[in-house]
Amino acid sequence: MQRDRAPESLPALPPGPVAADPAGADRRQQAQSAKLPGVRAPLSIEKAVLNRDLAVLKREASDALAALGAAHAVVTSARLAQIQTLRSEVDQGEAPEDDLVDLAGDYQAWQNDQVRLFDALALVLGMPVPEGRAFDQIEESMGDAARAHLSALAAEYQRRLLTEQFEGGEKEA
């Protein structure tokens with residue numbers, strides 16, 4: 001005998017299409033992109049100095065130096081492993097000794113940079129900073145001159161970055 005069974009509940013259907021809001025979707029995408037460091041527009045030096053507390057700037061500098069130092073340590077470690085491999089190849093006569101000397105020089109340069117990075121990190125971590133923003137530390141009468149000086153520093157930083165970019169491109173070509 002067959003029993004009458006209650007119909008099984010069906011899964012709910014997804015909501016129907018909503019009218020597209022291109023402006024809203026674009027704003028959401030930009031907001032999400034702004035959280036990604038490789039995608040967002042870089043914060044200018046001027047905006048950072050004007051809008052951030054000195055303790056925050058110190059923490060951000062420390063974080064960046066620590067990350068760069070760690071990256072250097074990883075590469076330095078890999079260079080050491082390459083040296084050990086190449087040393088055994090030189091001992092077996094499979095590679096010229098000049099290659100080992102070149103690689104050892106490269107390793108030493110990476111190691112020296114790593115030491116300098118961690119020295120800079122120690123310096124920043126040990127640096128006392130007063131509470132507040134940079135311009136909180138300056139008398140109001142000096143505000144305009146301080147802003148002009150900040151603009152000049154930011155322009156010099158950008159000029160140096162561009163110079164390094166173009167000089168680096170010429171070396172590669």
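Tutor: The term buried applies under 20% relative accessible area, exposed applies over 50%, and partly exposed covers what lies in between (1.4 Å probe, protein chains only). The model is predicted, so local features need pLDDT of at least 70 and side-chain atom pairs count only at pLDDT 80 or more, while totals for chains, interfaces and linings use all residues. Residues are numbered from 1 along each chain as its sequence is written, and side-chain values use heavy atoms, with hydrogens and water left out.

Student: How many helices and strands are there in the protein?

Tutor: Helices (H or I, at least four residues) and strands (E, at least two) are DSSP runs, numbered from the N terminus. Here the protein has five helices and zero strands, and its pattern along the sequence reads α-α-α-α-α. Of its 173 residues, 15% count as buried.

Student: In which helix is Thr-76 found?

Tutor: Thr-76 belongs to helix 3, which runs over residues 54-91. The expected span of a helix is 1.5 Å times one less than its number of residues. Just after helix 3, Gly-93 takes a positive phi of about 80 degrees.

Student: Which residues of helix 3 are buried?

Tutor: An α-helix has 3.6 residues a turn, so residues three or four places apart point the same way. In helix 3 the buried residues are Leu-54, Ser-62, Leu-65, Gly-69, His-72, Thr-76, Ile-83, Leu-86 and Val-90. By contrast, Ala-66 is also in helix 3, yet it counts as partly exposed because its relative accessibility is 31%. Gln-84 lies in helix 3 as well, and its 48% relative accessibility is why it counts as partly exposed.

Student: What covers the buried residues of helix 3?

Tutor: The cover includes helix 4, residues 97-126. Helix 4 has 30 residues and reaches 43 Å from its first C-alpha to its last, close to the 44 Å expected. Its buried residues are Leu-100, Leu-103, Tyr-107, Gln-114, Leu-117, Leu-121 and Val-124, and they pack against helix 3.

Student: Which residues is Thr-76 in contact with, beyond its neighbours within four places in sequence?

Tutor: Contact means heavy atoms within 4.5 Å. With those neighbours set aside, Thr-76 is in contact with Tyr-107, Trp-110, Gln-111 and Gln-114. Under the same exclusion, Gln-114 is in contact with Gly-69, His-72, Ala-73 and Thr-76.

Student: What joins the side chains of Thr-76 and Gln-114?

Tutor: A polar contact is a pair of N or O atoms within 3.5 Å; within protein, one must be able to donate a hydrogen and the other to accept it, and residues adjacent in sequence count only if both atoms are side-chain atoms. The side chains of Thr-76 and Gln-114 are joined by such a contact of 3.2 Å. Gln-114 is found in helix 4, and its relative accessible area of 18% is why it counts as buried.

Student: Which residues make up the largest nonpolar core?

Tutor: A nonpolar core is a set of buried Ala, Val, Leu, Ile, Met, Phe, Trp, Tyr and Cys residues joined through side-chain atoms within 4.5 Å. The largest one has seven residues, namely Ile-83, Leu-86, Val-90, Ala-95, Leu-100, Leu-103 and Tyr-107. Helix 3 and helix 4 are the elements that give two or more residues to this core. Not counting residues up to four places away in sequence, Ile-83 touches Leu-100, Leu-103, Ala-104 and Tyr-107.

Student: How far apart are the C-alpha atoms of Ala-66 and Ala-120?

Tutor: These two residues are 54 residues apart along the chain, and their C-alpha atoms are separated by 9.5 Å. Gln-84 and Leu-100, 16 residues apart in sequence, are 9.3 Å apart in space, C-alpha to C-alpha. For the protein, among contacts between residues at least 6 apart in sequence, 68% join residues at least 24 apart.
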